[in-house]
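Biologist: I have the model open and some time before my next run. Can we go through it, starting with the holes inside?

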Amino acid sequence: MKELLKSLPKRDRDLTNDPLWYRNAVFYEVMVRAFHDSDGDGIGDLRGLIKRLDYLAWLGVDALWLPPFYPSPMRDGGYDVADYRGIDPRYGTMRDFEKLIKEVHKRGMRITIDLVMNHTSDQHPWFQASRTDPDGPYGDYYVWSDTDQKWTDARIIFTDVETSNWAWDAHREQYYWHRFYSHQPDLNFENPAVQQEMFDIARFWLKKGIDGFRLDAVPYLFEDEDNSGENDPRTHQFLRDLRKMVDTEFPGAVLLAEANQPPHEAAEYFGTEEEPECHMCFHFPVMPRIFHSLKAEDATRLREVLHDTPVPPAKGQWSTFLRNHDELTLEMVSEDERHQMFDWYAPHPQMKAHTGIRRRLAPLLDNSEQALELAHALILSLPGTPCLYYGDEIAMGDNVWLPDRDSVRTPMQWTPDRNAGFSDADPGALYLPTVQSLLFHYNGVNIERSLMQPTSLLFWMRRFLKARAEHPAFSDGGYKDVPSDNPAVFSFLRTHEDESVLVAMNFSTHQSSALLTLEDYAGGKVKTIISKTPFQDVGDDGTLRLTFGPQSFYWLVVKHA
Ligand code: GLC
């Protein structure tokens, strides 16, 4: 395996000098504990990740996103931070982390990390001080109250485990506010000292050389009676200030918002051109609609949500994704759609978590090669920077018998050998067991095998990542809906300067045909992107008739006549 990885051609793209790098990058979410274990203790670590960087560079990934690796009691996958400036010893040392940054940059890639500002672990020294010494310097770091009847309109996010956003602290004899688990008390952003701490923590990591942050749970920083605890104007003000600091002191570093909100509310996290907030926002409304449209075999809802999606201000960019380390959240769809999607995608109760579905991409799409390619082609061509989830490039499976979202956080599968080549440890010592289900056993689903098979999804991904990088229309182009007479066929144009890319996709699991209307391109020449060969011209009446195999698609360059 080592030899195989060494023999892969090197990457030839360098994004380290481009201040707008995030606009034409492909991100890859990689959990340190899940990727590669270098010291045989059963837990992935920073040195393991460094060893596997050449693989990611070969694949065509441009930027990493690392979920939290800070010291943590690990009751919420590390999103329960106990020390914002440390590295959990299970993953290595600060030196290892500094080496990782260097090695990433050496390959022309970028690295972003999670910044969890909304809450800490209840084991964080600030919280321990706050509950035991209310009059001390940390007494006001959290949101305390004598009553649990305040802000009762704020929705409960982890509805299946929490019954209130307040929890009682027997020592301080007061309630504290928490939007997530009760062991994750919310920080009090009304306290200027808390805001200052966050600026200092951001500076601490940026000075080390990271290229930005994914801002975890960002809509919940400030709470107020009038806004159900979300999207408070003071949260936006705080983000404007943070952006100003980042742009002035660390130009080129990015802020990526995790704001699970409807299109307009999510877009507010970009701010405006004059007063920007985040460079990027995950496109939460579009993600579940992709899954809805695929199963419904009808693109109408997807077209609608894209129609409702505001264009970000200059320098802003959406981030498209299919899956991540969380459940496939269904908070952004209507109640009807949610029921439908639970029926389609979560036939067993074990598959549900919170308001979503805790399964990986390949099992969700019935491990269908066409569907996996179609879904990826979609996030690679819609407006925004795609963010991939580790393992999805080889159609890794999940384990819904593990608790909560651990179902989708199992070890990366490198080889058919012990522990899938992830670790030399005793299999019982792994932080989570490898996937051994009948369909997705690591014997058959792993990098080594994918590298042996030129027609594998892995090679497909590499080819399409490369094609995407060669066409700026995908990263910088505008989006224009292209009418089709078949609701199963989704079509749009991405245009940048004098290049237009036409994307046409058949969501039906049967053969289809559609007549597309491309008035501005009457008589225009068409070429395929992947094979770079001439295709049929647009008719003189501005229409193009396309026929499709089941769940197939076209990426085409269209030229004016
Ligand atoms: C974010 C994370 C999720 C975590 C939650 C609370 O939504 O993605 O994993 O549980 O924040 O920190």
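Modeller: Start with the second largest cavity: by class, its lining has six nonpolar, one polar and one charged residues. Keep in mind that this is a predicted model.

Biologist: Which residues line the second largest cavity?

Modeller: Met-31, Val-32, Arg-33, Pro-67, Pro-68, Phe-69, Gly-77 and Tyr-91 line the second largest cavity. Its volume is about 50 Å³.

Biologist: And what volume does the largest cavity have?

Modeller: About 330 Å³. It is lined by 24 residues, and Ile-157, Phe-158, Phe-180, Glu-258 and Asp-326 are the closest to its centre.

Biologist: What is the make-up of that lining by class?

Modeller: The lining of the largest cavity has nine nonpolar, six polar and nine charged residues.

Biologist: How many cavities of 30 Å³ or more are there?

Modeller: Three.

Biologist: Now the open ones. What is the volume of the largest pocket?

Modeller: The largest pocket has about 640 Å³. Among its 27 lining residues, Lys-2, Leu-5, His-36, Lys-51 and Arg-52 are the closest to the centre. Helices H1 (2-6), H3 (46-51) and H4 (53-59) are the elements that each give two or more residues to this lining.

Biologist: Which element gives the largest share?

Modeller: H4, with four residues.

Biologist: How many salt bridges does the structure hold?

Modeller: 36.

Biologist: Back to pockets. What lies nearest the centre of the second largest pocket?

Modeller: Val-311, Pro-312, Pro-383, Gly-477 and Tyr-479, out of 28 lining residues. Two or more residues each come from helix H11 (300-307), strand S10 (317-321), helix H17 (472-476) and strand S15 (478-481). The second largest pocket holds about 480 Å³ of space, and its lining has 12 nonpolar, 10 polar and six charged residues.

Biologist: Tyr-479 again, then. Which residue is its bridge partner in S16?

Modeller: Arg-494. S15 and strand S16 (residues 489-496) run antiparallel and are joined by four bridges.

Biologist: What is the strand order in that sheet?

Modeller: S15-S16-S17-S21-S19, an open sheet of five strands with antiparallel pairing. S15 and strand S19 (526-528) are the edge strands, each pairing on one side only. From one strand to the next, the twist averages 30°.

Biologist: Which strands does H11 touch?

Modeller: S15 and S16, as H11 packs on the sheet. The direction of H11 makes about 30° with that of S16.

Biologist: Last topic, the backbone. What is the phi of Lys-315?

Modeller: About 80°, so a positive phi in a residue that is not a glycine, whereas most residues other than glycine have a negative phi. Lys-315 is in the loop between H11 and S10.

Biologist: And where is Ala-420?

Modeller: In the loop between strand S14 (385-389) and helix H15 (447-452). Ala-420 also has a positive phi, near 60°.

Note on methods:
Residues numbered from 1 in each chain as written. Predicted model: local features only at pLDDT ≥ 70, side-chain atom pairs only at ≥ 80, totals over all residues. Heavy atoms only, no water. 1 Å grid on protein atoms, 1.4 Å probe; cavity = no way out; pocket = protein on both sides within 12 Å on 5 of 7 lines; lining within 4 Å. Points joined across faces, edges and corners; volume = space filled by probe spheres on them. Nonpolar A, V, L, I, M, F, W, Y, C, P; charged D, E, K, R; others polar. Pairing = 2+ DSSP bridges. Axes fitted to C-alpha atoms, helices over the stretch in contact; angles between N-to-C directions. Contact = heavy atoms within 4.5 Å. Salt bridge = Lys/Arg side-chain N within 4 Å of Asp/Glu carboxyl O.
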